[in-house]
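Please keep the sequence and the three-dimensional view at hand while reading.

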Amino acid sequence: MDSPLIQLFGIEKSYPAGEDAFFALKGIDLIITRADFVAVMGPSGSGKSTLLNILGLLDFPTGGRYLLEGADVSALRKKEQALLRSRKIGFVFQSFNLLARTSVEENVELPLLYTALSRQERAHRVDWALQLMGMQDKRRNWPSQLSGGQQQRVAIARALVNHPSIILADEPTGNLDSKTSAEIMNFLQKLNEERAITVVLVTHEHDIAAYSKRWIVLSDGLIVEQFSRNGSSEAAP
Amino acid sequence: MNAWMLLRIALKALVRNKVRTLLTMLGIIIGVAAVIAMVSLGEGARRQVQNEISSMGTNILFVQSGSFRGFGVHGGAGTSASLTEEDYLAILREIAAVKAATPDVNTRGQVVFGNQNWNTQLEGVNEYFLTIRSWMISAGENFNESHIQNASRVCILGKTVADNLFQGGESLGQSIRIRNLPFQVIGVLQSKGQNAFGRDQDDLILVPYTTVMKKLQQTRNIPSILVSAISAEAAYTAEAEIRELLRQRLRLGDEEEDTFTVRNLSEVAGAAEETNRIMTLLLGSIAAVSLLVGGIGIMNIMLVAVTERTREIGLRLAIGAHAVLIRIQFLLEAVVLSLTGGAIGIALGIGASHLISRILQWPTAVSPASVLLSVLTSVAIGIFFGFYPAHKASSLNPIEALRHE
Ligand SMILES: Nc1ncnc2c1ncn2[C@@H]1O[C@H](COP(=O)(O)OP(=O)(O)OP(=O)(O)O)[C@@H](O)[C@H]1O
Ligand SMILES: [Mg+2]
């Protein structure tokens, strides 16, 4: 069996604060296997978003090692990081971040414009992603004409269109009501179960976290608790 | 990822932000068009004056009583000791470099034919005037020597005067009244249209200068004499010799200033050039202000757009674009936008310049320097303010860019 999808060893993230440094992450050890569904929880300011951004190569750690599919990515150059983001990672944001005045299909196509795919292949991928998220009939609409849940479905389609191995979602339901939240979570769960896409999700809400297979709890930049659906519960080492 | 794709991304972004694109372009368009149109106005006037002056021939000299400094500024002395017919005759007689000369005694007067009335310029000249100025007669004939000697009451009409008095009827041989004296029309001048300052050059009547001096004005003074030298080179000798001769005749001491002016055409051209340059500069600065205002407009719009665009940049980074591609995209956007605006501005500026010359009958000439300068300025502004904030944003961490408020 090949190496796990993600391995973190002693990941630290510090920000300069006056004389000394403020540590947002104080040494995170974490292994995420393929097709896992992890919820990251913890109080506000505990470092959840920071961790997710590091996982997504949007931010770089100031200490520790990060192996993505066995390769060390902690010291990659920006261009190579961008390439990895484009190939392996899909982001879903709390605030959707769709381009205004741009049709749904063009929003979904956006990540593909930075790849070498042909026009037909791009169209094919967009069709596929929109269909998966049930948004084909809105493909010519503008984001402003869609409900919040629909916008988030478009954003997930955009995250999927590059066939990523992992989707990182930072409070994807934070702006949605509970019914729509459930709908979005069902989509993510389906992607995880049917397409073996790894999902890492940051959330405050337990009923959202309940969709996942594994939970980790951060506090003050450290993992303080981990649980799995199969009952095993472990404190941080 | 190829160049074509980047251009498409840039074009899509421009289309997506139609209002911003249009407003930004508008700044460039107005700035460029204003500069081109304004400068073409000044430049057109300048060229027309130059043409007119050089078409008069380079061997013409103007002798005027009174001293002029610079452009039309009277000196203190001089008006008492005006030029007379004797001075004119002395110039003709004694200076070898002079080919022909004519007094030019101006006045205005009311002209009547039947029930038609016209107020016009009366130009008292001799039979050489037409040759010196290279003016043509379209009907009838020039003055002859005896007309001048006898102070005959004959006249040659400018086209405008002929049209107004005779309304298309035959004018030759008719008797008109100038200041209530009867004059016989012996000729009509060919039309010359307007001059560079918009004055109708056909609105005048030529009369023997002797007639003006004896019968219309009772004066012995000749305000100016028009001289043509035998060649362009001889004009300079003639100028010096005329000056010497007149100083002697007017008995001016060594320390005294001239009480008259002798100027050749290149000096006149120089003075005219100077005024026109000032006018062009003035128009140019007005236009430069609008270019500046346009530039500030561009700046404003671009800066206002920064928040939205910074988030867009963050998103593009997050979904796998790297910073260099994004910079190229924004640079392309700014270039496309500025160049399109610049091109429209040029077209509009040239169009406006043509329209002005059509409607206001004012000559215009588009100057390549103004086109280049205005386009470079506005394109530089457009590119700088389009690209610089994007450059900064793309150097940001994607998360910071996404979080940008
Ligand atoms: N650029 C930065 N400079 C300094 N400190 C930062 C920076 N970004 C984050 N932090 C700090 O790092 C800590 C962790 O932030 P993070 O955004 O990861 O929290 P979070 O767990 O996602 O909180 P929330 O649930 O409110 O989103 C916070 O204390 C925050 O103030
Ligand atoms: Mg957060």
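## A helix in chain B

Thr307(B) counts as partly exposed, because its relative accessibility is 29%. The residue belongs to helix H10 of chain B, which spans residues 306-318. Between the C-alpha atoms of Thr307(B) and Ala343(B) the separation is 29 Å, and the two residues are 36 positions apart along the chain. The model discussed here is predicted.

## Salt bridges within chain B

Glu312(B) and Arg16(B) form a salt bridge through their side chains, with N and O 3.1 Å apart. Glu312(B) lies in helix H10 and Arg16(B) in helix H1 of chain B, and 296 residues separate them in the chain. Both Glu312(B) and Arg16(B) are buried.

This pair is part of a network of salt bridges that links Arg16(B), Arg309(B), Glu312(B), Arg316(B) and Glu333(B). Over all chains, the count of salt bridges comes to 28.

## Salt bridges involving chain A

A salt bridge also connects Lys12(B) with Glu109(A), and their closest N and O atoms are 3.9 Å apart. The pair joins two chains, because Lys12(B) lies in helix H1 (residues 3-16) of chain B and Glu109(A) in helix H3 (residues 104-109) of chain A. Lys12(B) is partly exposed at 29% relative accessibility, whereas Glu109(A) is buried at 12%.

Within chain A, the side chains of Arg34(A) and Glu69(A) form a salt bridge with an N to O distance of 3.3 Å. Arg34(A) is in the loop between S2 and strand S3 (37-41), and Glu69(A) is in the loop between strand S4 (63-68) and strand S5 (71-72), so the pair ties together parts of chain A that are 35 residues apart in sequence. Arg34(A) is partly exposed, with a relative accessible area of 36%, and Glu69(A) is partly exposed as well, with 28%.

Several side chains approach the ligand through polar atoms. An N or O atom in the side chain of Ser44(A) is 2.5 Å from an oxygen atom of ligand 1. For Ser49(A), a polar side-chain atom lies 2.7 Å from an oxygen atom of the ligand. In the case of Tyr15(A), a polar side-chain atom is 3.3 Å from a nitrogen atom of ligand 1. Taken alone, ligand 1 exposes 630 Å², and the protein buries 66% of that area.

## Buried residues in chain A

How many of the eight residues of H1(A) are buried? Seven of them are, and the helix is thus mostly covered. The buried residues include Lys48(A), Thr50(A) and Asn53(A). Just after H1(A), Leu57(A) takes a positive phi of about 60°.

Leu201(A), in strand S8 (residues 198-202) of chain A, counts as buried because its relative accessibility is 0%. Its C-alpha atom is separated by 11 Å from that of Asn53(A), although Leu201(A) and Asn53(A) are 148 residues apart along the chain.

## A nonpolar patch on chain B

Val19(B), Leu23(B), Leu26(B) and Ile30(B) make a nonpolar surface patch of about 370 Å². Leu26(B) lies in helix H2 (residues 18-55) of chain B and counts as partly exposed, because its relative accessibility is 43%.

Note on methods. Residues are numbered from 1 along each chain as its sequence is written. Chains are lettered from A and ligands numbered from 1 in the order in which they are written. This is a predicted model: local features need pLDDT of at least 70, side-chain atom pairs count only at pLDDT 80 or more; totals for chains, interfaces and linings use all residues. Side-chain values use heavy atoms; hydrogens and water are left out. Patches are made of residues with over 30% relative accessible area and no salt bridge: like charges are joined within 9 Å, nonpolar side chains (Val, Leu, Ile, Met, Phe, Trp, Tyr) within 5 Å. Accessible areas come from the Shrake-Rupley method with a 1.4 Å probe; for residues, only the protein chains shown count as cover. A salt bridge is a side-chain nitrogen of Lys or Arg within 4 Å of a carboxyl oxygen of Asp or Glu. Helices (H or I, at least four residues) and strands (E, at least two) are DSSP runs, numbered from the N terminus. Buried means under 20% relative accessible area, exposed over 50%, partly exposed in between (1.4 Å probe, protein chains only). A polar contact is a pair of N or O atoms within 3.5 Å; within protein, one must be able to donate a hydrogen and the other to accept it, and residues adjacent in sequence count only if both atoms are side-chain atoms.
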